[in-house]
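Please look through the structure below, beginning with the overall chain and then turning to its metal site.

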Amino acid sequence: MRNFLFLILLFFVSQWLLKKLRRANERAQQGEAQAGGAAAGGANGAHRARNGSGNGAAGSTPQLADPLIRCAQCGVHTPRSESIVAAGERFCCADHARHYASRPTGRDAR
Ligand SMILES: [Zn+2]
């Protein structure tokens with residue numbers, strides 16, 4: 001009976017050791033991959049590039065893809081996402097869109 005318990009214990013210990021070895025191998029492989037990337041571009045540069053691209057995708061990319069647009073009424077430049085489109089023109093606010101549409105030279109003249 002003692003031998004049987006000992007075998008079970010040995011089984012669990014060996015599995016635990018195998019897990020540890022696998023994790024160690026995975027870490028080693030990841031370390032090699034990172035080392036390879038570092039060799040290609042420099043450790044700090046690669047890390048900064050990864051962080052920068054991540055932050056850019058999360059925060060600054062919409063702003064980069066958000067050109068300033070001139071309000072057809074007052075000429076104020078407004079980010080495209082905040083501008084209002086009316087009658088084929090872009091405006092900084094809904095008031096200016098209404099003003100522009102209600103102008104005598106606007107579409108009402110036709
Ligand atoms: Zn305006």
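Donors, as the word is used here, are N, O and S atoms within 2.8 Å of the metal. In this predicted model, the donor residues of the zinc ion follow the spacing C-x2-C-x17-C-x3-H along the sequence. The residues concerned are C71, C74 and C92, each coordinating through SG, together with H96, which coordinates through ND1, at distances of 1.8 to 2.3 Å. Because the four donor atoms subtend angles of 97 to 123 degrees around the zinc ion, their arrangement is tetrahedral.

The accessibility of two of these cysteines can be set side by side: C71 has a relative accessibility of 1% and therefore counts as buried, whereas C74, at 36%, counts as partly exposed. The histidine donor, H96, lies in helix α3, which spans residues 94–102 and in which H96, A97 and Y100 are buried. Seen down the axis of α3, the buried residues fall within an arc of 105 degrees, so they line one face of the helix. An α-helix has 3.6 residues a turn, so residues three or four places apart point the same way. The cover over the buried residues of α3 includes the strands β3 (84–86) and β4 (89–91).

As for the chain as a whole, its three helices and four strands run in the order α-α-β-β-β-β-α from the N terminus on. Of its 110 residues, 11% are buried, and among contacts between residues at least 6 apart in sequence, 10% join residues at least 24 apart. The chain exposes about 9,100 Å², of which carbon and sulfur atoms supply 56%.

Conventions. Residues numbered from 1 in each chain as written. Predicted model: local features only at pLDDT ≥ 70, side-chain atom pairs only at ≥ 80, totals over all residues. Heavy atoms only, no water. Donors = N, O, S within 2.8 Å, 3.2 Å for Na, K, Ca; no water. Tetrahedral: all angles 85-135°; square planar, octahedral: opposite > 155°, others 65-115°. Buried < 20%, exposed > 50% of the residue type's maximum accessible area, 1.4 Å probe, protein only. Helix = DSSP H or I, 4+ residues; strand = E, 2+ residues; numbered from the N terminus. Arc of directions from axis to C-beta. Contact = heavy atoms within 4.5 Å. Areas by Shrake-Rupley, 256 points an atom, 1.4 Å probe, with all protein chains shown as cover.
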